[in-house]
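Here is a short tour to read alongside your structure viewer. Keep it open and follow along.

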Amino acid sequence: MTDRKENPYAQVADDTFAATPRRDPELVRRILEDPRMYDHKDGFQSCIQCGICTSGCPAARFTDFSPRETARRALDGDATLLEDDTVWYCYYCYTCQSRCPRHNSVAVINQVVRGMQVESGRGRPHVAMFADWCNNFYEQGMGGDPHLMFPAIGEAWGPKWRDHMDHLLEVRAELGLGDLFPPEAAVREVQTIFEATGFKTRLAAVRGEAAGAGGI
Ligand code: SF4
Ligand code: SF4
């Protein structure tokens with residue numbers, strides 16, 4: 001086995017990774033215990049800093065975000081990750097996960113870090129824009145209301161599409177597809193799940209409506 005002192009990369013590792021400013025064991029615990037990490041625990045703890053995740057990451061190509069750094073900082077329990085806005089550049093394409101030779105998942109790590117940022121309040125501006133969309137899910141069983149997009153799409157796609165959309169419900173009825181929105185019973189089921197999992201409290205906190213909302 002090669003002596004660590006003779007390994008030219010050991011020095012790089014010592015210099016680059018040794019100085020973690022603040023450690024937060026809760027960060028490592030939350031990642032390891034997150035159900036989405038069930039298949040990636042070993043990979044998380046055995047990241048070799050190869051950088052393959054960063055080389056294939058579309059977000060890293062155009063921003064300061066680095067999946068390789070995120071993997072290392074998360075494993076270090078580096079608390080600065082919980083104040084780092086660059087994790088919000090990830091958009092969950094899962095390229096990092098599919099290419100990682102250790103089967104780590106920076107995509108999931110980002111989800112946990114983002115969740116912790118939302119809980120602390122720091123991440124709320126990043127999710128506040130989705131509050132109405134989420135509430136639509138609660139109210140009508142689906143997030144996006146397609147009708148809101150129709151005018152813009154119609155402008156881009158022209159009169160043939162607009163004519164089709166004007167008769168959409170008739171076409172759907174003819175095909176036996178029913179309304180665009182889920183039936184009332186299905187919406188009620190969605191609402192039951194949302195209520196049981198504290199959706200309303202979280203939504204209020206994200207909107208800044210809850211007094212002294214620290215954790216959500
Ligand atoms: S591809 Fe996997 S092993 Fe390589 S740096 Fe990224 S997370 Fe670590
Ligand atoms: S899931 Fe996120 S971190 Fe991974 S490659 Fe895609 S954008 Fe990059």
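Predicted model: local features only at pLDDT ≥ 70, side-chain atom pairs only at ≥ 80, totals over all residues.

Let's begin with ligand 1, which is surrounded by 15 residues, the closest being Cys 47, Cys 50, Cys 53, Cys 100 and Asn 104. Helix 4 (52-56) and helix 6 (67-76) each give at least two residues to this shell, and helix 6 has the largest share, with three residues.

Now turn to ligand 2. Its surroundings comprise 14 residues, and Cys 57, Cys 90, Cys 93, Cys 96 and Ala 107 are the closest. At least two shell residues come from each of helix 5 (58-62), helix 7 (95-99) and helix 8 (106-120). Helix 8 makes the largest contribution here, with three residues.

Finally, have a look at helix 10 (residues 131-140) and helix 15 (residues 199-206), whose axes lie 10 Å apart at an angle of about 160°. Because angles over 145 degrees count as roughly antiparallel, helix 10 is roughly antiparallel to helix 15. The crossing of helix 10 with helix 15 is left-handed. Which residues meet where helix 10 packs on helix 15? Helix 10 brings Ala 131, Cys 134, Asn 135 and Tyr 138, while helix 15 brings Phe 199, Leu 203 and Val 206. By class, this contact between helix 10 and helix 15 has six nonpolar residues, one polar and no charged.

Note on methods:
Residues numbered from 1 in each chain as written. Chains lettered and ligands numbered in written order. Near = placed C-beta within 6 Å. Helix = DSSP H or I, 4+ residues; strand = E, 2+ residues; numbered from the N terminus. Axes fitted to C-alpha atoms, helices over the stretch in contact; angles between N-to-C directions. Parallel < 35°, antiparallel > 145°, perpendicular 65-115°, else oblique. Left-handed = near helix turned anticlockwise from the far one by under 90°. Contact = placed C-beta atoms within 7 Å. Nonpolar A, V, L, I, M, F, W, Y, C, P; charged D, E, K, R; others polar.
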